[in-house]
Amino acid sequence: MLRYRLLISCSTLSVLLLCFLEVPTHADLCARDAGCLRLVRMGISQYQKQQYEQALVSFKRAYVRRQVPGLLINIGRTLHQMNRPADAITLFERYLSEQPDPPHREQVQHFLAEAQTRAAASAPEGQTGTTEQPATAEAGPYPQPPAATTALSPTGIHDPPDSALYDPAPAGRRPAKNAPQLSLSTPESDAKPAKPKRVIRKAWTIVGGIALGLGVAGVLTGVSCYAVELSAKDQLSQTDNEFEKLAILGSAQTMNTTSLAGYAVGSALIVTGIVSLAYGIYPTLRERWAHRRVAINGSSHAIEFTFGGTY
Amino acid sequence: MRFLCTLTLITLAVSSCSQDIHLTECETHSDCPPAADGSMLFCTSKKLCVIGTPSERLCKDVFSISGGPAPPDSIAIGALVTSSGDDRLILDSFKLGIEQINAHRTSGPPLALHICDISATAADPLKSMQLLVTQRNVVAILGPTSSRDVFAIMPEVINNHVPIMSPSATSPKISEIKDGTQTVDRLFFRDAPSDTYQGPLLAQQLPHPFPSTERLALLYVDDEYGMALQQAIRAASLKQPDIILSYLEPTNSPDEAEIQRVAEAIRVSQPDYVIAITNLYSDTVVKALASLPMSTKIIMAEGGRSPNVLNLIKPDHDDPMNQHLRRISGTAPAADTKSTVYQDFANAFKIKWPRDSEPETSPYTAYAYDAVYTVALAIGAIENEVTPTQVSQMLSRMNSYETDQRRCHIEPDRKNVVEVGAMKYSIGVEKVRDQSGLAVDGASGSLCFTPHGDRVGARYERWTINTDQRSFDSELIE
């Protein structure tokens with residue numbers, strides 16, 4: 001009996017571990033959230049058109065939706081373009097410090113060095129470091145963007161400034177699970193941001209529903225078998241025949257095993273079902289809530305951002 | 001997400017704990033309440049309160065080849081015997097037969113005798129039968145030795161189609177066993193003759209005509225054997241008993257108070273003749289009847305012809321007990337003690353079991369020897385896998401009898417005769433395999449069966465007790 005339980009527990013643990021493994025990455029979070037993705041795409045588009053203020057708002061709103069570290073790069077680069085290198089430095093440093101092994105370390109270090117150079121160049125003589133950068137830039141008029149050659153691509157080649165932005169789901173390519181892209185977004189990719197995602201979400205919802213149903217059936221089977229097993233006690237007291245009692249005992253043990261299996265498999269399926277349903281339904285709900293909030297406030301620009309409070 | 005998983009794990013752990021139902025009822029026998037009929041329940045190794053001896057203590061003895069364990073591929077035959085009666089000699093005959101047959105089986109695995117002592121409780125015969133069928137996969141049963149036990153195991157025999165071969169169950173009721181309204185054939189074999197033959201013989205022991213001034217008492221054991229035999233006597237006798245008494249026989253020990261009570265009732269009625277039909281505890285009944293006046297004649301059936309009765313003999317010839325024993329006479333099934341087959345059997349028995357009583361002490365030693373041989377011949381004749389049904393079919397080939405069903409039909413050239421004995425086993429197997437219409441030449445005489453399984457014909461003797469030689473004197477009744 002102990003062996004059975006051990007086996008069932010191990011199986012259940014394995015299933016649950018799989019559930020843990022299915023937890024999405026930060027990159028996936030924005031890529032799977034149509035609202036976040038749209039904001040990022042919008043920000044990239046605005047960035048390309050050198051509408052840095054609007055781009056900054058878009059990236060910030062995307063970040064409020066999903067705290068994806070890659071978005072810090074976009075915000076940092078936008079701030080850099082807005083000639084606010086001190087703020088950009090803060091964000092690049094935050095990007096590097098937030099993750100133990102950030103996927104775009106080299107590129108961001110490059111951006112950081114660039115921002116530091118600009119900060120040093122624009123600082124009054126005798127002042128060094130990034131923290132001394134005036135924070136008044138937030139309220140002041142935005143300077144004209146620097147020349148395109150000041151932006152660096154991840155490869156270190158001088159690229160147009162808009163090529164060094166983080167895109168959670170670059171066009172034409174499916175994002176790797178743990179590898180968010182630093183690439184240029186195209187307007188075409190903005191047009192249909194979430195259609196494949198919706199299909200996947202639907203699939204998750206269906207799978208989740210089936211798993212949940214099967215899980216409930218499994219647990220009910222477990223409960224039924226347990227009830228039959230409980231009735232064995234009454235049956236035992238109704239006969240004095242040893243062989244009949246042994247048969248009842250054998251049947252009760254089979255019921256016990258079936259009941260345990262029912263509980264274990266049922267519970268695992270219920271968890272799997274809930275997780276799958278959460279994948280399928282939760283982003284949609286988030287999206288709907290966000291739209292509702294926007295509608296209540298009258299304008300998307302009225303949404304407040306709290307962005308670490310450093311700028 | 002993690003919360004959900006943790007919650008599930010906790011639920012699982014709790015549900016696993018809740019699953020742990022302890023289906024136990026006892027630690028010792030004293031924890032078990034009495035059964036609905038007041039009988040005692042026993043605590044088994046699985047801690048269940050059950051009626052009868054726990055199965056782990058039943059049928060523990062397996063005999064195949066003397067001194068060695070039964071090979072795993074051996075063919076299992078059950079033996080239902082009682083340690084409290086006279087079955088020791090019957091069991092000795094079974095073992096002798098098994099040993100001889102295994103020594104002469106040229107093909108196929110050896111036979112293994114799974115011996116069950118069914119005397120401890122009234123439930124043990126049926127339990128042992130169930131155990132033999134379900135766990136030991138026996139192909140046939142030797143025994144039971146009493147008619148009561150035959151009826152006890154009857155449902156299991158019918159349900160599982162496992163044939164039995166009883167060497168000493170004589171109740172005429174066995175011939176009438178039915179499955180509902182259907183006659184049951186080829187299952188209840190017995191090489192002991194039915195008491196339909198013995199009833200009239202016992203009645204003949206009374207004087208004819210019975211003096212009108214004399215009284216007759218009939219005492220019988222209240223079981224299937226006693227009931228049937230007393231009915232047969234009353235049906236055959238012109239004189240109906242003036243007093244009829246019965247007593248019960250508990251399975252594991254005699255109820256001496258009950259026996260004393262009926263003996264006293266007989267003494268008070270002052271009969272001139274007493275017919276006593278006894279079973280397991282004949283010695284206790286004989287001892288109780290010693291209080292009757294010496295003028296009272298006592299006639300007994302085969303129960304009185306028991307080695308236990310001989311143990312009552314005192315050293316002094318004129319001891320009142322010896323005088324009492326000398327006035328007892330009776331009838332019993334007899335063996336053909338002058339035949340070569342019997343002589344060979346008796347010699348082998350004495351060599352094999354030198355410390356036991358003489359095989360002549362009980363007629364059933366020869367019947368038991370024939371029983372094991374007929375079953376072994378049937379098993380040996382089966383060419384493929386041995387099954388209970390095939391054993392039944394082969395046993396039913398020993399069916400050559402005269403149309404009046406009083407004796408077996410033996411062809412002049414004896415081509416249809418199968419002889420019992422170690423040296424004749426292989427030839428016998430060939431005959432049973434090849435043909436039907438056979439008769440067996442056994443230690444108990446010529447042997448053949450009706451379609452139901454009853455022995456055709458019978459050989460009886462009139463016996464008395466020889467207190468000087470501590471034996472029974474007997475003469476054949478023609």
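At 0% relative accessibility, A:F111 counts as buried. The cut-off for that label is under 20% relative accessible area. A:F92 also has 0% relative accessibility, so A:F92 counts as buried. Both values come from a predicted model.

A pair of aromatic rings is described by the distance of the centres and the angle of the planes. Over all chains, the count comes to 11 aromatic pairs. A:F92 and A:F111 make up one of them: the ring centres lie 5.8 Å apart and the planes meet at 40°, so this pair is tilted.

## Aromatic pairs in chain B

Where do the partners B:F189 and B:F449 lie in chain B? First, the geometry. B:F189 and B:F449 pair edge-to-face, with 5.4 Å from centre to centre and 80° between the planes. B:F189 belongs to strand β10 (residues 188-190) of chain B. B:F449 belongs to the loop between β18 and β19 of chain B. This pair also links distant parts of the chain, 260 residues apart. B:F189 has a relative accessible area of 1%, so B:F189 is buried. B:F449 counts as buried as well, at 1% relative accessibility.

Other rings of chain B form a cluster. Ring pairs link B:Y342, B:F345 and B:F349 with B:Y369, B:Y373 and B:Y425.

## Disulfides

The structure holds five disulfides over all chains. Those of chain B follow the pattern 1-3, 2-4, 5-6, 7-8, with bonded cysteines counted along the chain.

B:C26 and B:C43 are joined by one disulfide, with 2.1 Å from S to S. The torsion about the S-S bond is 95°, and this link is right-handed. The bond connects distant parts of the chain, 17 residues apart. B:C26 is in the loop between α1 (2-18) and β1 (41-43) of chain B, while B:C43 is in strand β1 of chain B. B:C26 has 4% relative accessibility, so B:C26 counts as buried. B:C43 is buried too, at 7%.

B:C32 and B:C49 form another disulfide, their sulfur atoms 2.1 Å apart. What is the handedness of the link of B:C32 and B:C49? With -85° about the S-S bond, this link is left-handed. B:C32 lies in the loop between α1 and β1 of chain B, and B:C49 lies in strand β2 (residues 49-51) of chain B, so the bond ties together parts that are 17 residues apart in sequence. B:C32 and B:C49 are both buried.

A disulfide also joins B:C408 to B:C448, with an S to S distance of 2.1 Å. The angle about the S-S bond is -105°, and the link is left-handed. B:C408 sits in the loop between α13 (388-395) and β16 (417-419) of chain B. B:C448 sits in the loop between β18 (445-447) and β19 (460-466) of chain B. The pair therefore ties together parts that are 40 residues apart in sequence. B:C408 is buried at 8% relative accessibility. B:C448 is buried at 0%.

## A three-stranded sheet

In chain B, three strands form an open sheet in the order β16-β17-β18, with mixed pairing. Why is one side of β16 and of β18 left without a neighbour in the sheet? Strands β16 and β18 of chain B stand at the edges, and each has a single partner strand. The twist averages 30° from one strand to the next.

Strand β16(B) runs parallel to strand β17 (residues 439-442) of chain B, and three bridges join them. Within this pairing, B:V418 has B:V440 in β17(B) as its bridge partner.

## Confidence in chain A

Chain A has a mean pLDDT of 70. Of its residues, 61% reach 70 or more. Which helix of chain A has the lowest confidence, and which the highest? Helix α8 (residues 187-191) of chain A is lowest, at a mean of 39. Helix α4 (residues 52-65) of chain A is highest, at 89.

Two stretches call for care. Over residues 17-23 of chain A, pLDDT stays under 50, and the model has 12 contacts beyond four places in sequence for them. Over residues 172-181 of chain A, pLDDT is below 50, and this stretch has 19 contacts in the model beyond near neighbours in sequence. Where pLDDT is low, the predicted coordinates should not be read in detail.

Technical notes: Residues numbered from 1 in each chain as written. Chains lettered and ligands numbered in written order. Predicted model: local features only at pLDDT ≥ 70, side-chain atom pairs only at ≥ 80, totals over all residues. Heavy atoms only, no water. Disulfide = S-S within 2.5 Å. Helix = DSSP H or I, 4+ residues; strand = E, 2+ residues; numbered from the N terminus. Buried < 20%, exposed > 50% of the residue type's maximum accessible area, 1.4 Å probe, protein only. Pairing = 2+ DSSP bridges. Axes fitted to C-alpha atoms, helices over the stretch in contact; angles between N-to-C directions. pLDDT = per-residue confidence, 0-100. Contact = heavy atoms within 4.5 Å. Phe/Tyr/Trp six-rings, centres within 6.5 Å; stacked < 30°, edge-to-face > 60°.
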